[in-house]
Amino acid sequence: MTTRSALSVKNATKRFGGLIAVSGMSFEIAEHEVLGLIGPNGSGKTTMMNLISGALSISSGHIQLFGQNISGLSAHSISRQGVARTFQLVRMLNSMTVLQNVEAGGVFGHQRLWGPSLQFQAEEMLEKVGMTVDMDSPISALTYIDQKRVELARALMSNPRLLLLDEWLAGLNPSELQIGIDLINKLRLEGRTIIVVEHVMDAIRSLCDRCVVMNGGIKIAEGTPQEVLTDEEVIRAYLGGHDA
Amino acid sequence: MTRNEIRNFAITIVLFALAALVPFAGSGYWLSIGVTIATYMVLSTSWALFSGPTHYISLATGAFYGIGMFVVGGGIDFIPYWGLVAIAGVLGAILSALIGLATLRLSGVYFVIFTLGLAEFIRQIVTWVQTTMGSSSGLYVLTDITEPMIYWELLILGAFVYLLGWWINRSRLGFALRIIGNDEVVAVHSGINTAYAKIILFIVSGTVATLVGALLAPRLSYIESSIAFSPMLSFIVVITALLGGAQRLWGPIVGVIPFMLAWDFLTATFPNQTTLMLGICFLLIVYAIPNGFAGLIEKHIPQLRGRRS
């Protein structure tokens, strides 16, 4: 595994008026690494993801993608730099077909395809995420996991240098969950650089090379899943203190 | 081009050619209603180019139209007519770019209200300029341009708008707009510069509306701000586009023709209740056919075909 830094977050802070949602966060991801961003609800994980993808502007601090500053850029520019994402609540383009939903990710972003090569790649991507449904079906015909697959395929269409998965496994039933974990694992073996925000501990253990744990907007631990999940402070953050 | 596209293209050309024959019918009534229909065909189609995919309802059409009229009215004594039409087009483009930059950050109802207020604002400015600088409250546009000529000019502009719309629908820009209309957040994170895409389309519809105003100025002969900047025009454009179906390029025209014929009948029969009638039309359309005639037709075509086979 190379040690080239894919993403480097330095002192990232986000304030909403008086509320500090993310405070002085710093961490690094190497290329080809899968990083888990975990923490209790409301700890600032999604805000952190929004800062990286540009959905929210950073209040102070820096974010660099392969050595280039991306904090301060607009979300569409960051996407063109090679950051793709999925959303906590799945977002579909409802008036379009399954195929068009996937194609949407490959036209304007880091990879800009059009015409037959776009369609070819979109079909290939749908196959890769395990879609068996007719590609010309409307979105309303899809099950929840298939919608998640479409969203993942859309994100992959830009051939991203960094993929952000915001609770991509949430809401799946146990058998779907295993399918989902296998799918992300496949991406990991391909050498993709991924940040996953997750609550599913099984997924974190089996997928992540490293974890960053957040609580109350700050980083409270960092290390391998094994290390952080046995960390005193992490356990306290999730389960409450000894006196509770 | 696919076979379907070639067929549709041929149908469109035949329809335009047939429409071009209307002035030869020799009936002043039909020519007059033909000009009205052609006017709204151009306005609604260009309006739908922007509002159809993005779902931003613009009520600024009347403002651009009025500016086009006043450019011609104000300059007709100094500059040749066609020069004025060109100036109107450029002015419309610049103005819509500025308005787009300022307003497209607004979403939903705020955008609607802003564009409505804008039309009134521009009308007040024009009136003020006229009363402080000019002598009379109106302007005379006396040219030797006849009604059939105006009709053909509008048809040509309409054909141009159709071609442009067809080209946009096939282009990346059209795809970007459909994504924006579905979910702007997805659009942004797919790398689409949403502001740029929206402004381009807003400029197209604003410029076309200004040109229409400039082309129609010779028809009125006497231009007054209350006529040129009538908010009714903006509303009718929205209604006809929705009636036809703003999601399809050919949607607005399917709405314009029946609406204008019905409108002509209503204004003649109930001259004092036209606004009321307009409101009722709007309610009926929204309740009964939310996707417009185009939606109805597309829903029933597969059924008809299914029955045949």
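**Reading helix packing and sheets**

Student: At what angle do helix α6 (residues 147-170) of chain B and helix α9 (residues 194-220) of chain B pack?

Tutor: Two packed helices are described by the angle between their axes and the distance between them. Here the angle is about 170 degrees and the axes lie 9 Å apart. Axes are lines fitted to C-alpha atoms, for helices over the stretch in contact; angles run from 0 to 180 degrees between N-to-C directions. At that angle α6(B) is roughly antiparallel to α9(B) (under 35 degrees is roughly parallel, over 145 roughly antiparallel, 65 to 115 roughly perpendicular, the rest oblique).

Student: What kind of model is this?

Tutor: The model is predicted: local features need pLDDT of at least 70, side-chain atom pairs count only at pLDDT 80 or more, and totals for chains, interfaces and linings use all residues. Numbering starts from 1 along each chain as its sequence is written, with chains lettered from A and ligands numbered from 1 in the order in which they are written. Chain B averages a pLDDT of 87 (the predictor's confidence in each residue, from 0 to 100). The scores are ipTM 0.92 and pTM 0.88.

Student: Which residues make the contact of α6(B) with α9(B)?

Tutor: Among them are B:Leu154 and B:Leu157 of α6(B), and B:Val208 and B:Leu215 of α9(B). Contact requires C-beta atoms, placed from the backbone, within 7 Å. By class, there are twelve nonpolar, no polar and three charged residues. Ala, Val, Leu, Ile, Met, Phe, Trp, Tyr, Cys and Pro are nonpolar; Asp, Glu, Lys and Arg are charged; the others, Gly among them, are polar.

Student: How do α2(B) and α6(B) cross?

Tutor: Helix α2 (residues 28-54) of chain B and α6(B) cross at roughly 25 degrees, with axes coming within 9 Å. They are therefore roughly parallel. That contact has 15 nonpolar, six polar and one charged residues.

Student: What is the strand order of the open sheet in chain A?

Tutor: Strands of a sheet pair through backbone hydrogen bonds, either parallel or antiparallel. This sheet of six strands runs β6-β7-β8-β3-β9-β10, with mixed pairing (at least two DSSP bridges per pair). Helices (H or I, at least four residues) and strands (E, at least two) are DSSP runs, numbered from the N terminus. β6 (83-85) and β10 (218-223) of chain A each have a single partner strand, so one side of each lacks a neighbour in the sheet. The twist averages 20 degrees from one strand to the next.

Student: How many bridges join β9(A) to β10(A)?

Tutor: Five, and the two strands run antiparallel. A:Met214 stands opposite A:Lys219 in β10(A). Helix α9 (residues 232-239) of chain A lies across both strands, at about 130 degrees to β10(A).

Notes
Two residues are in contact if their C-beta atoms, placed from the backbone, lie within 7 Å.
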